[in-house]
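Here's a quick tour to read with the model open on your screen.

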Amino acid sequence: MHFISEALEDYVAQHSENEPLLLQQLNKETHQKVLQPRMLSGHFQGRVLSMISKIIQPKNILELGTYTGYATLCLAEGLQKDGRIDTVDINEELEEIQSKYFQLSDYKDQIVQHIGNAMEIIPNLNRTFDLVFIDADKENYINYWNLIVPMMNKGGIILSDNVLWSGKVLEEVKKNDRSTQILLEYNQITKEDPRVETVLLPIRDGLTMSRVL
């Protein structure tokens, strides 16, 4: 679902910061070789992620859902010089394309890839985070939230992607649609959790920004 017209989306992208060349190449290769390329953050959302990271200047970032690594590289643009981004994905088939572009980037020594179950990996990271980007399986969003909030530094930002779920959050939920049911509950949790303040941004498929108090 397009929440604004495609023409207006193009205008927004054209009047935002240009997409870096390496990300243009990753964007193209993802569309050529990987299933469901619409999962890619893309030019505009990527520049939003980059800007947020640059404003925060995080030392430690956690990303859940690496996909082909596009958002990873955008988030890494704001890292402190001694900073680190841990990125987690369960799909080992994507590790090759991720590694290829990470190694071509200026952040190759700051990106740590994890392949496996995020629910098992997160508790073993033994660090606190300034910025987290949740863009993995929707059915675990609440579980991720419960794990991550206690690991956040004060003032840290949690970004949650796809929270409008192609507009399904406004439709009658089908009994077997577990993802939409979870996202509806998740959106309520992020709004009401007293540990954070939250704003839901209508960027692409919905991006929630929650600041830890």
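Let's start with a charged pair: K138 and D135 join their side chains in a salt bridge, with N and O 3.5 Å apart. Keep in mind that this is a predicted model. K138 is buried, at 8% relative accessibility, and D135 is buried too, with a relative accessible area of 15%. Both values count as buried because the cut-off is under 20% relative accessible area.

**Salt bridges**

- Side chains of opposite charge can pair when their charged atoms come close.
- Across the whole structure, a search turns up ten salt bridges.
- One of them pairs E29 with K100, and the closest N and O atoms sit 2.9 Å apart.
- That pair connects distant parts of the chain: E29 belongs to helix α2 (residues 21-33) and K100 to helix α5 (residues 95-104), 71 residues apart.
- How accessible are the two partners? E29 counts as buried, at 11% relative accessibility, while K100 counts as partly exposed, at 39%.
- E29 and K100 also belong to a network of salt bridges that takes in K33.
- Another bridge runs between D82 and K59, where the closest N and O atoms are 3.6 Å apart.
- D82 is in the loop between α4 (70-76) and β2 (84-89), and K59 is in the loop between α3 (42-56) and β1 (60-64), so this bridge ties together parts that are 23 residues apart in sequence.
- D82 is exposed, with a relative accessible area of 51%, whereas K59 is partly exposed, with 36%.

**Nonpolar cores**

- The largest nonpolar core contains 29 residues.
- Which residues have the most contacts inside this core? They are L26, L49, L73, L75, L131, F133 and L159.
- At least two residues of this core come from each of α2, α3, α4, α5, β4 (129-134) and β5.
- The top contributor is α4, which gives six residues to this core.
- If you click on L49, look for its contacts with S41, A71, C74, L75, F133 and L159, leaving out residues up to four places away in sequence.
- There's also a second, separate core of 26 residues, and V88, Y144, I148 and M152 are among them.

- T30 is a residue of helix α2, and T30 counts as buried, at 0% relative accessibility.
- What does T30 touch, once neighbours within four places in sequence are set aside? T30 is in contact with P37, L40, Y67, T68 and I97.

- Helix α8 is 15 residues long and covers 21 Å from its first C-alpha to its last, close to the 21 Å expected at 1.5 Å a residue.
- The buried residues in α8 are S179, T180, I182, L183, Y186, N187 and T190.
- Looking down the axis of α8, you'd find those buried residues within an arc of 155°, so they line one face of the helix.
- What do the buried residues of α8 pack against? Their partners are β4, α7 (141-148), β5, β6 (196-201) and β7 (207-212).
- Over in α7, Y141, I142, Y144, W145 and I148 are the buried residues.

**Positive phi in a loop**

- Most residues other than glycine have a negative phi.
- N162 has a phi near 65°, a positive value in a residue other than glycine.
- Where is N162? N162 sits in the loop between β5 (152-161) and α8 (178-192).
- N162 is buried, with a relative accessible area of 16%.
- S166 has a positive phi as well, near 55°, and S166 also lies in the loop between β5 and α8.
- Is S166 buried or partly exposed? S166 counts as partly exposed, at 23% relative accessibility.

Terms used
Residues numbered from 1 in each chain as written. Predicted model: local features only at pLDDT ≥ 70, side-chain atom pairs only at ≥ 80, totals over all residues. Heavy atoms only, no water. Salt bridge = Lys/Arg side-chain N within 4 Å of Asp/Glu carboxyl O. Helix = DSSP H or I, 4+ residues; strand = E, 2+ residues; numbered from the N terminus. Buried < 20%, exposed > 50% of the residue type's maximum accessible area, 1.4 Å probe, protein only. Core = buried A, V, L, I, M, F, W, Y, C linked by side-chain atoms within 4.5 Å. Contact = heavy atoms within 4.5 Å. Expected span 1.5 Å × (residues − 1). Arc of directions from axis to C-beta.
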